[in-house]
Amino acid sequence: MSNPVPLLAARGLTKAHGRTPALRGASVELRPGEILAVTGASGSGKSTLLHCLAGIVRPDEGSVTYGGERLEELSEKRLSELRRTEFGVVFQFGQLIPELTALDNVALPLMLGGAARAEARARAAEWLERFGVRGQEGLRPGEMSGGQAQRAALARALVTGPKVVFADEPTGALDSLASEQVMTALTHTARESGTAVLLITHDAQTAAYADREVQLRDGAVVPLGVSA
Ligand SMILES: Nc1ncnc2c1ncn2[C@@H]1O[C@H](COP(=O)(O)OP(=O)(O)OP(=O)(O)O)[C@@H](O)[C@H]1O
Ligand SMILES: [Mg+2]
């Protein structure tokens with residue numbers, strides 16, 4: 001286990017939003033089944049890195065390799081297939097579809113994958129329960145608290161059994177008890193199924209659930225040993 005082949009690797013990513021540099025040569029590796037925390041100050045490029053790794057945003061320079069495939073060389077069709085079948089993403093903001101109930105938001109990825117509505121809804125209900133959303137299945141995102149919406153978004157990211165879960169501040173709207181509950185559910189599920197997790201967080205208590213932590217500063221990973 002000393003140096004297994006990474007499942008996902010970014011090398012030398014750069015990305016600017018207009019004239020604002022968000023990533024300046026970021027490199028990071030995620031091993032199979034690993035829970036990796038990415039920390040760093042606000043604006044250090046964490047969300048941009050996640051979007052590049054998940055194949056949502058194309059970096060300006062550098063490469064992202066997933067299981068031997070270079071994302072920048074893939075067609076839009078193959079990329080969206082990867083995102084649908086292998087990746088689960090929890091966005092930092094605005095992640096749920098406002099017109100759908102919590103239950104249907106979570107059932108949607110299963111239905112897009114071909115599952116029947118009743119089956120998809122039954123599995124969605126189990127996942128909501130796992131993340132402590134009970135009795136709120138029928139609420140729409142506008143009727144839910146930030147924390148409830150965040151849990152529903154996590155359930156939606158995990159419901160299809162992805163190989164990698166990308167979670168951008170999944171405990172950002174939760175108090176410490178709810179954070180603990182959500183992180184326990186997330187890490188148990190990941191360990192059980194061998195799912196790798198890229199976990200973005202500001203919170204040291206949340207980062208402590210990870211196997212390893214890397215810190216971003218000004219769009220690049222701080223080398224080991226100089227994180228103070
Ligand atoms: N869509 C955008 N348009 C313009 N600038 C952007 C955009 N998205 C991000 N940026 C800028 O890029 C830099 C990195 O942003 P990013 O969202 O990746 O940081 P972050 O580490 O996730 O921050 P936070 O902890 O606040 O979520 C910041 O300077 C930010 O202002
Ligand atoms: Mg962010």
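Two residues are in contact if their C-beta atoms, placed from the backbone, lie within 7 Å. Helices (H or I, at least four residues) and strands (E, at least two) are DSSP runs, numbered from the N terminus.

This is a predicted model: local features need pLDDT of at least 70, side-chain atom pairs count only at pLDDT 80 or more, and totals for chains, interfaces and linings use all residues. Residues are numbered from 1 along each chain as its sequence is written, while chains are lettered from A and ligands numbered from 1 in the order in which they are written.

**Stop one: helix 6**

Select residues 176–193. This is helix 6, with 18 residues. Its first and last C-alpha atoms are 26 Å apart, close to the 26 Å expected at 1.5 Å a residue (1.5 Å times one less than the number of residues).

Now pick Ser-179, Val-182, Met-183, Leu-186 and Ala-190, which are buried (20 or more other C-beta atoms within 10 Å of the residue's own; exposed means 12 or fewer). They cover an arc of only 100 degrees around the axis, which puts them on the same side of helix 6. The arc is taken from the directions from the helix axis to the C-beta atoms.

Show strand 3 (35–40), helix 5 (146–158), strand 7 (164–168), strand 8 (196–200) and helix 7 (204–207): the buried residues of helix 6 pack against these.

Turn to the other side of helix 6. Leu-177, Thr-184, His-188, Arg-191 and Glu-192 are exposed there. Step to Gly-194, just after the helix: its phi is positive, about 70 degrees.

**Stop two: ligand 1**

Select ligand 1. Around it are 13 residues (C-beta within 6 Å). The closest are His-17, Ala-22, Ser-42, Ser-47 and Thr-48. Helix 1 gives the largest share, 3 residues.
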